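Subject: A structure for you to look through

Dear colleague,

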Amino acid sequence: MKRIIVLSDSHGNMKGISELMPLIAENDYVIHLGDGAGDMREVRSLYPDKVYACAGNCDFFTPLPEDGILEVEGVSIYFCHGHRYGVKSDLHSLTLAAKSRGCAVALYGHTHLAGITEMEGVILINPGTLRNSVGKGGSYCYLVVHKDKATPVIVGEQYS
């Protein structure tokens, strides 16, 4: 069993990330989905082998990739910010992108609205925004992968 913390859209809220450090330390992976991915520098320096991040539409001049795939216990997880797939309109393009890469899970941000849905056999997860701290409007996703099953839970509130 592997546990993953999924964050997105922190937009400079270093305090929100700092408050999650004990949780980040005890889990197997942490993924930041952009728009504040640079906020993860300290976390990346402490845990270089378990931090994954991609660039969002507000992450200018970053060496981070636009997307990535993480294999966890036989489950392929596609992660991106989502803006290139029009996720504010619908999730069809993102679903197709995940399927074309052989992924059963797609993680995305950009909308600042947390949600979990399934489309064409792909679990689509938006952790919401960490622009505000959890307990003050922010949210993240706690994702457990066990054998071939992914179980996501949104923690916190939605804030748009």
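Below is what I found, beginning with the whole chain and then moving to its parts.

Please keep in mind throughout that this is a predicted model.

**The chain as a whole**

Taken along the principal axes, the C-alpha atoms fill a box of roughly 35 × 35 × 30 Å. Of the 160 residues, 52% count as buried, while the chain exposes about 7,300 Å², with carbon and sulfur atoms supplying 52% of that area. Among contacts between residues at least 6 apart in sequence, 54% join residues at least 24 apart.

**The five-stranded sheet**

An open sheet of five strands has the order β4-β5-β6-β8-β7, and its pairing is mixed. Strands β4 (67-72) and β7 (115-119) stand at the edges with a single partner strand each, so one side of each is left without a neighbour in the sheet. From one strand to the next, the twist averages 20°.

Helix α4 (residues 92-100) lies across β5 (75-80), β6 (105-107), β7 and β8, and it runs at about 125° to β8. Which residues of α4 are buried? They are Leu 94, Thr 95, Ala 97 and Ala 98, and because they cover an arc of only 160° around the axis, they are on the same side of α4. These buried residues of α4 pack against β5, β6, β7 and β8. Just after α4 comes Gly 102, which takes a positive phi of about 75°.

**The pairings of β1**

Strand β1 (residues 2-7) pairs with strand β9 (residues 139-146) in the antiparallel sense over five bridges, and within this pairing Lys 2 stands opposite Val 145 in β9. Strand β1 also pairs with strand β2 (residues 29-32), here in the parallel sense and over four bridges, with Val 6 opposite Ile 31 in β2.

Glu 73, which is found in the loop between β4 and β5, has a positive phi of about 50° although it is not a glycine. Lys 147, which lies in the loop between β9 and β10 (149-156), has a positive phi near 55° and is likewise a residue other than glycine. Are these residues buried or exposed? Glu 73 has a relative accessible area of 32%, so it counts as partly exposed, whereas Lys 147, at 59% relative accessibility, counts as exposed, because the cut-off for exposed is over 50%.

Methods. Residues numbered from 1 in each chain as written. Predicted model: local features only at pLDDT ≥ 70, side-chain atom pairs only at ≥ 80, totals over all residues. Heavy atoms only, no water. Pairing = 2+ DSSP bridges. Helix = DSSP H or I, 4+ residues; strand = E, 2+ residues; numbered from the N terminus. Axes fitted to C-alpha atoms, helices over the stretch in contact; angles between N-to-C directions. Contact = heavy atoms within 4.5 Å. Buried < 20%, exposed > 50% of the residue type's maximum accessible area, 1.4 Å probe, protein only. Areas by Shrake-Rupley, 256 points an atom, 1.4 Å probe, with all protein chains shown as cover. Arc of directions from axis to C-beta.
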